[in-house]
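Me: Let's go through the voids, the surface and the ion pairs of this chain. Keep it brisk.

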Amino acid sequence: MSFDFTLFIPFLFAYLIGSVPTSVWVSRVFYKIDIRNEGSKNAGATNTIRVLGLKAGLPVLAFDIFKGWFAVYFLNFFNFPELSLEMRVYLEILMGVAAIVGHIFPVYVGFRGGKGVATIAGVAIALFPIGVLLILGVFVLCFLITRIVSISSIIAGISFPLIIIFVMQNPHLPLQILAVGVGIFIPLTHRKNIQRLLKGEEKRFSFKRSRQ
């Protein structure tokens, strides 16, 4: 049986939309800096807020979430009538993964991107919106207690598979696999943050700009 190359198109698009380096472009166009050379040197919304403030950081956060959501939703523009429901869930997850990979390794700016937390959130919103509310609740609670974004992200990421498996009714196997993957992936992308946490050097979050 020959390979249907039309299946490749959605994944390529998902990667390209995930690769849009929101924080890098915003920092370059409006502030004449590269956010990857400032603050924590991470090309994400948290570092953008720290360095440039909410005015720059919130649009970055919103679009990074949107990238993940739209990458999954984009499959609806293609007609694959032969796909079973479970196979379609697999494809949606793979498109979400493609967007996450794009965010971390963006083709437009030398494959040096962010950690993917916001884009993962967008993928999760597309696949399991109720679960995202619970995960968001975990994140907010941890953040209010610690005021540290990294540890809040790690705990929320670890809670994702627990919520999917034990709260969602009859979750598809591919969604369970994704959730477990996220629970492992988030701590891995925060290795340096974990090292700073163990040393007591991780900074608490402030909404004030660190760069004037």
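What follows is a set of questions and answers on cavities, a pocket, a patch and salt bridges.

Me: What kind of model is this, and what pLDDT do local features need?
Reply: Residues are numbered from 1 along each chain as its sequence is written, and side-chain values use heavy atoms, with hydrogens and water left out. This is a predicted model in which totals for chains, interfaces and linings use all residues, side-chain atom pairs count only at pLDDT 80 or more, and local features need pLDDT of at least 70.

Me: How many cavities of 30 Å³ or more does the structure hold?
Reply: A cavity is a set of points on a 1 Å grid over the protein atoms alone where a 1.4 Å probe fits but cannot get out; lining residues have an atom within 4 Å of a point. Grid points are joined across faces, edges and corners, and a volume is the space filled by probe spheres set on the points. With the cut-off at 30 Å³ or more, the number of cavities is two.

Me: Which residues lie closest to the centre of the largest cavity?
Reply: This cavity has a volume of about 60 Å³. Its lining counts 17 residues. The closest to the centre are Pro-21, Thr-22, Ser-23, Ala-43 and His-103.

Me: Which element gives the largest share of the lining of the largest cavity?
Reply: Helices here are DSSP runs (H or I, at least four residues), numbered from the N terminus; strands are E runs of at least two. The largest share is three residues, and it comes from α2.

Me: How many charged residues are in the lining of the largest cavity?
Reply: Ala, Val, Leu, Ile, Met, Phe, Trp, Tyr, Cys and Pro count as nonpolar, Asp, Glu, Lys and Arg as charged, and the others, Gly among them, as polar. On that scheme the lining has six nonpolar and eight polar residues. The charged ones number three.

Me: Which element gives the most to the lining of the second largest cavity?
Reply: About 30 Å³ of space lies in this cavity. Ile-100, Ile-120, Val-123, Ala-124, Phe-160, Leu-178 and Val-182 line it. By class, that is seven nonpolar, no polar and no charged. With three residues, the element that gives the most is α6.

Me: Which element gives the most to the lining of the second largest pocket?
Reply: A pocket is an open set of points with protein on both sides within 12 Å along at least five of seven lines. The second largest pocket holds about 220 Å³ of space. Of its 14 lining residues, the closest to the centre are Val-97, Ile-100, Leu-178, Gly-181 and Val-182. By class the lining is 13 nonpolar, one polar and no charged. With seven residues, the element is α5.

Me: What accessible area does the nonpolar patch on the surface have?
Reply: Patch residues have over 30% relative accessible area and no salt bridge; nonpolar side chains (Val, Leu, Ile, Met, Phe, Trp, Tyr) are joined within 5 Å, like charges within 9 Å. Areas come from the Shrake-Rupley method with a 1.4 Å probe, and for residues only the protein chains shown count as cover. Members include Phe-8, Leu-16, Trp-25, Val-97 and Phe-111, and α1 (8–18), α2 and α5 each give two or more residues. Together the patch has about 1100 Å².

Me: How many salt bridges does the whole structure have?
Reply: A salt bridge is a side-chain nitrogen of Lys or Arg within 4 Å of a carboxyl oxygen of Asp or Glu. Arg-196 and Glu-202 form one, at 2.7 Å, N to O. A search of the whole structure gives four.

Me: Is Lys-67 buried or exposed?
Reply: Buried means under 20% relative accessible area, exposed over 50%, partly exposed in between (1.4 Å probe, protein chains only). Lys-67 forms a salt bridge with Asp-64, the closest N and O atoms being 3.3 Å apart. Both lie in α4, three residues apart, about one turn of the helix. Asp-64 is at 2%. Lys-67 has a relative accessible area of 0%, so it counts as buried.

Me: Why does Arg-28 count as partly exposed?
Reply: The side chain of Arg-28 meets that of Asp-34 in a salt bridge (3.2 Å, N to O). Asp-34 is buried, at 13%. Arg-28 is partly exposed because its relative accessible area is 38%.
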